[in-house]
Amino acid sequence: MPSLPPPARTLIRDYRAGRLTRREFLTRATSFGLTATFAYGLLGLTPVRAQEDQRQEGGTLRIQQDVRALKDPRNYDWPQMANVTRGWLEYLVKYERDGTLSPMLLEGWEISDDGRTYTLNVRPGITWSDGSDFTAEDVAFNIRRWCDSTADGNAMASRFNALIDEETGQAREDAITVDGDTVTLSLSFPDVTLIASFSDFPAAIVAQDFGGDPLEAKGTGPYRPAGYEVGVSAAIEKNTDHEWWGAEVYGPATLDRIEFIDYGTDPASWFAAADAGEIDMVYETVGEFIELFDTLGWTQSETTTAGTVVIRANQTAEPYGDVRVRKALQLASDNATLLELGYSGRGEVAGNFHVAPIQPDYADIGPSTYDPEEAMALMEEAGAADFEHEIVSLDDDWRRNTADAMAALLRDAGISVRRTVVPGATFWNNWTQYPLSTTDWGHRPLGIQILSLAYRSGVPWNETGFSNEEFDEILNEAQGVADASERAGLMERLETILRDEGVVVQPYWRSTFRHYDASVVGAEQHPTFEIHPYELGFVTA
């Protein structure tokens with residue numbers, strides 16, 4: 001039986017006192033190195049696992065999903081990219097649907113009492129697809145790559161600042177050491193997000209000879225690429241030349257082939273493909289199409305998430321450098337209306353600070369204020385009463401609908417606004433650059449992860465141009481606090497700064513849905529939209 005680190009004992013007390021939900025407890029306990037089975041056992045429960053004998057051998061599974069241009073995995077900015085390459089590029093840690101973090105290429109990990117030393121135990125017996133051994137040196141190589149903040153578009157660097165030398169922008173010389181099958185990380189300050197970051201979709205593990213193209217890369221997974229055409233389709237096929245290590249842990253990968261087919265951003269085309277028998281599952285079901293897919297007799301899977309949409313101003317563009325203009329946008333926004341009109345009410349109203357009740361580090365600072373008269377008064381005070389705002393959105397279902405509803409609310413407040421709807425390829429190429437636009441943000445296990453990825457000064461995914469020294473300092477402090485009640489106070493301050501500075505209109509939290517044919521196994525909707533090829537299959541006859 002594993003020993004309980006002091007932070008885990010605190011979590012048990014917080015759970016029993018009602019300060020943590022079951023999901024919050026499981027996420028945090030497993031991040032400290034407890035196995036999911038042990039963490040469930042502390043609650044008197046047993047984890048439910050998919051049975052490998054539900055899947056028959058063979059077959060081709062067809063999935064509706066955007067097929068986006070690939071890049072170096074550490075630069076991935078959409079989970080759809082990882083869903084394809086996950087067939088061969090695997091992860092150190094897996095984030096499960098129930099909120100637990102389970103070891104994958106790692107066998108486990110230990111965290112020192114002060115939270116500044118992480119010992120990563122690499123799973124033995126893993127080989128790359130070319131037959132060479134997967135080693136602790138490979139793990140260290142990837143962590144060093146992630147720490148390279150000088151690499152263009154490397155979003156992983158903002159997750160590992162506790163390992164980075166600020167002067168060089170690289171991992172500190174003493175930060176990562178290897179001894180046999182273990183990798184030791186020496187942090188300059190405690191960071192409770194580290195293990196969760198290993199599971200994030202840009203954290204795919206590549207070999208030391210990686211040349212930059214995922215399609216040419218060897219991997220540790222059971223599949224290999226079998227075709228990739230951006231905007232059209234991608235395919236992976238079982239790698240029969242490679243003995244996959246995970247068969248003993250997860251059961252064998254059963255499908256011969258998986259195809260990802262791009263039908264564009266219009267859900268009507270997805271439904272037509274399903275109705276015609278051209279696909280077996282969808283990436284996500286949205287809006288009125290949830291009921292339509294139900295008519296096909298397909299299985300509906302739903303999950304509660306911290307996924308959301310933000311209507312954000314880029315503070316480097318005028319007039320959005322003025323906090324009064326940004327606050328006016330918030331005051332003109334009735335978030336309950338945006339949830340109803342933008343997402344058909346399938347979620348929870350949010351309060352414009354981008355940390356969700358489902359996340360363990362959430363602090364409740366109350367609802368946002370809706371006051372259209374005050375909104376117009378602030379615009380006048382800022383000298384922007386006659387300015388015409390342009391809200392840019394993707395041409396799809398719920399993101400377009402939410403932007404349309406926001407534009408209507410601004411007009412109701414007397415604020416001039418026009419809408420611009422652009423196709424997916426155009427929007428994705430420029431998503432951080434628009435002066436005012438809508439962006440969807442996926443679920444992360446911890447709220448502190450989102451704040452670090454999206455709102456820390458100068459990080460690649462900071463689309464708001466927000467830069468606040470006090471916010472950054474509190475964020476650094478919060479990353480190192482394991483105690484739930486102590487950290488909540490810091491999170492309250494962070495959330496309050498975001499809202500007081502009018503950084504985003506963040507109207508709701510999404511429940512997300514996926515439909516798949518009744519013959520498909522292992523396709524349940526994941527909070528972060530992850531698709532794990534080795535879990536998929538067709539039901540045993």
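Rings of Phe, Tyr and Trp (its six-membered ring) pair if their centres lie within 6.5 Å; planes under 30 degrees apart are stacked, over 60 edge-to-face, and the rest tilted. Before we start: this is a predicted model, where local features need pLDDT of at least 70, side-chain atom pairs count only at pLDDT 80 or more, and totals for chains, interfaces and linings use all residues. Residues are numbered from 1 along each chain as its sequence is written, and side-chain values use heavy atoms, leaving out hydrogens and water.

**Exercise 1. Classify two aromatic pairs.**

Task: work out the geometry of Trp146 with Phe198, then of Phe271 with Phe293.

Solution: 

Step 1. Start with the total: searching the whole structure turns up 23 aromatic pairs.

Step 2. Take Trp146 and Phe198: the ring centres are 6.0 Å apart and the planes sit at 40 degrees, so this pair is tilted. Trp146 belongs to helix α5 and Phe198 to helix α6, so the pair ties together parts 52 residues apart in sequence. (Helices are DSSP runs of H or I with at least four residues, strands are runs of E with at least two, and both are numbered from the N terminus.) Both Trp146 and Phe198 are buried, where buried means under 20% relative accessible area, exposed over 50%, and partly exposed in between (1.4 Å probe, protein chains only).

Step 3. Now Phe271 and Phe293: with centres 5.4 Å apart and planes at 85 degrees, the pair is edge-to-face. Phe271 is buried at 16% relative accessible area, and Phe293 is buried at 1%.

**Exercise 2. Look around helix α5.**

Task: find out how many residues of α5 are buried and what covers them.

Solution: 

Step 1. Helix α5 spans residues 136–146, and eight of its 11 residues are buried.

Step 2. Among them are Ala136, Val139, Ile143 and Trp146. An α-helix has 3.6 residues a turn, so residues three or four places apart point the same way.

Step 3. The cover over the buried residues includes strands β6 (117–122), β9 (176–179) and β10 (182–186), along with helix α6 (194–198).

Step 4. Check the start of α5: there, a side-chain oxygen of Thr135 comes to within 3.2 Å of the backbone nitrogen of Glu137.

**Exercise 3. Follow the salt bridges.**

Solution: 

Step 1. Count first: the whole structure has 29 salt bridges, each a side-chain nitrogen of Lys or Arg within 4 Å of a carboxyl oxygen of Asp or Glu.

Step 2. Glu237 and Arg224 form one, with their closest N and O atoms 3.2 Å apart. Glu237 is in strand β12 (residues 233–238) and Arg224 in strand β11 (residues 223–229), 13 residues apart. Glu237 is partly exposed at 27%, and Arg224 is partly exposed at 26%.

Step 3. Glu291 and Arg346 meet at 2.3 Å, N to O. Glu291 lies in helix α9 (residues 289–294) and Arg346 in the loop between α11 (335–343) and β16 (347–349), so parts 55 residues apart in sequence are tied together. Glu291 is partly exposed at 42%, whereas Arg346 is buried at 18%.

Technical notes:
Contact = heavy atoms within 4.5 Å. Polar contact = N/O pair within 3.5 Å; in protein donor to acceptor, adjacent residues only side chain to side chain.
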